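Work through the exercises below with the coordinates open. Each task is followed by its solution.

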Amino acid sequence: MDPAQVSALIEQRLAAAGVQLTLGGEPTYVPNEPEGAEWTFAADGPTKLGYARALAAQLQQRAWPGSTLMYCPGKRYDGEVNPRWALRLFTGPTGEPVVAWPQSDGAPRPVLPAEAAEEFLAAIGLGLGCQLQPLQLRDPLDDDRRVWAAPLSFNDGLDETVFGPLGWQPAAWPLEEELRELLGAPGPAGLRLPLQHFPEGVLRQVLTLEVGPQEWSLFLPPLARQPLEQLLGVIASASGAWSQPDLSGVLPLDIDGAWQVLGLTADPGVLEVNLPVCPRWDAYAFWMRVLEEGGAAVGLRSWKQRRPAPELPKPDDLSPERLNQHALNRLGLSQEGSGGGNHLLWGGPSLELNPFFSRPAWLVGLLRFWQHHPSLAYLFSGNSVGPASQAPRPDEGSAAWLDLQLAHQVLASLPEGDQRVAISETLRHLHADKSGNTHRSEISLDKFWNPAWAAGCQGLLEFRAMETLPHHHWSAAIALLWSALAAHLLEPAHRPAQMRSWGEALQDRCLLPSELWADLEQVLALLAADGLALDAGLFRQIWQWRFPQLLHWRQGEAELEIRRSLEPWPLLCDTPVEGGSTSRFVDSSLRRFEVITSPAFRQRYGVVLQGRPLALPAAEASQPVAVRYRLERLYPCLHPTLAPHLPLELALVARPGAGSGQGGGSGASPAGGATLQRWTLLSEDGGFLPQEPTGVDALVDPVAAPWRGASPDAVTVDLRLP
């Protein structure tokens, strides 16, 4: 079924239930050639803001002509000197500009000259119906930059005996000449004002003008939406003869929905984009496409190139499907997501119309369904999964199993009505990682209803186990899957009655490619039976890219396939870093791959790995097999005395007696069988490479036991074990 048709059916079902479900997103991007700490682990650096401004200009051109861009202070984290920056691009609710900038006509205009600055500020005061009293300040970091600060506030209902009459309130700033200097910190002048010398009894709200040789800018005082719109309109009118100024300041929270806002923010190693609220799936798909196209125009993309795509042997089968798989495999071996995530958010058009506040049973059904299907947590995530990742499942985090069961039981029994507080206080402490961090969760309620945090009361569910992908239609397909499940689970009969106890299988077989695909096929089948059929081909492409082949061998019906798998990395202790804070490290030295064999292969052949047999299931069995190995020895890491296992030597051997009428079978040891082919794994990106025939059989210790796992029931063998 066409995605647009599925989306229309979803909207019909949601509307019939009185549900208005909005989508949001936080895709992340990196340069085509990322260099420096800002594109590996640091939040900011010398080029990131330039890339952000270039991408914002592309979005203005392609999606929101005439929109307004503002540089805003962002979040501040421990160990960082200054708050991070955030660019906010905003426009009207249907895309019409909030401010009519005369510079939108594209005609060239000069920069505002310093000698016209005070006249320009006077024009602003005239437009507001007041007289500004600007104070000129020196910039110790740039002698060529001129700065004026004009105290300006707006009284929209405060006590007039304290704050003056209603409306615009300019003020004087008497300051001795030697004190008229900005602070020496970097950033806009509005963040560097000597406010320690500001007059008492006056609101610390200042309109700041900067004029440089090549550009000019304004730092706006913090205002509510309506007075800010009025001020911007006056600035636009007064600036018609000059180039458009760069704007800085604090963008107010738009609780009335009068704006659409898109953010571009500095995040460790990436540039993060905060999508505007999308009322339907097609709006989300539009933004993912525009971001991919706009990013390509300025040298940004949603994936990293680990190494050039390897030259793999061409498949014997040259059908279009097989060639497409071959191409995806080459890309999967050489590419990965940006590393910053591609989080998807659910909410409502307003707090009054939030779909979750009054439907706790539906929310519980969603949480239980996600818990039943590991593919929704692992298939679309990044390389780091499991308890120490940025998005552990609730049954991998800090919550006890009993507490999760009780929480679901209690919430499912609540009556309809506004239950936002009960939902948040019940789930927020359970959806957290093992350190108690509520942001690090597969389904985070950090922004649901948390009054302790400034941005915590937005009624949002954040799905964080999602990584960026190299194609916008892949990301859009995942969002459509999420929306389809939301509609599907409106029906109580479709909701799981309880959580599922996965036990050790969650970190064992549930992380293997074949198991994840089988689980996703179940999800797609449920939706298809409910009339919401999605294109499985797109998800198969994601799966093939996500879990590329390391080896493929076939002879008749006998087939051997090895695919890269997932491996949860253990958390290390806090490590001191520069600045006096600590950082979370994981031991990422471990890797895993799955060995997938056909019944005919298991009947006729065996596999020898590093000189020891790799036990395969019986020919008729369906149990998967995987191998955990150490790729490299890092510092810090667990077990620093254990050496890496590369190169890995793999041999295909004929089972004694197989095909000779003497039995053999998949239970027989491969020891003593003739070696048919050998491969070597030198790196995880290059796959198993064939070795030249030597005429010598694989060396197999006749008394060596097969490789074993951490427990008798484990399907993953561990090369660290004797």
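Two strands pair if DSSP finds at least two bridges between them. Helices (H or I, at least four residues) and strands (E, at least two) are DSSP runs, numbered from the N terminus. This is a predicted model, where local features need pLDDT of at least 70, side-chain atom pairs count only at pLDDT 80 or more, and totals for chains, interfaces and linings use all residues. Residues are numbered from 1 along each chain as its sequence is written, and side-chain values use heavy atoms, without hydrogens and water.

**Exercise 1.** Trace the open sheet that contains β19 and β30.

Solution. Step one: the order is β19-β20-β23-β26-β30, with mixed pairing. Step two: β19 (549-555) and β30 (716-718) each have a single partner strand, so one side of each lacks a neighbour in the sheet. Step three: the twist averages 20° from one strand to the next. Step four: inside the sheet, β20 (558-564) and β23 (590-597) pair antiparallel over 5 bridges. R563 faces E594 in β23.

**Exercise 2.** Trace the open sheet that contains β25 and β29.

Solution. Step one: its 5 strands run in the order β25-β24-β27-β28-β29, with antiparallel pairing. Step two: β25 (612-614) and β29 (688-690) are the edge strands, each pairing on one side only. Step three: the twist averages 35° from one strand to the next. Step four: 3 bridges join β28 (675-681) to β29. W679 stands opposite P690 in β29.

Note on methods:
Axes are lines fitted to C-alpha atoms, for helices over the stretch in contact, and angles run from 0 to 180 degrees between N-to-C directions.
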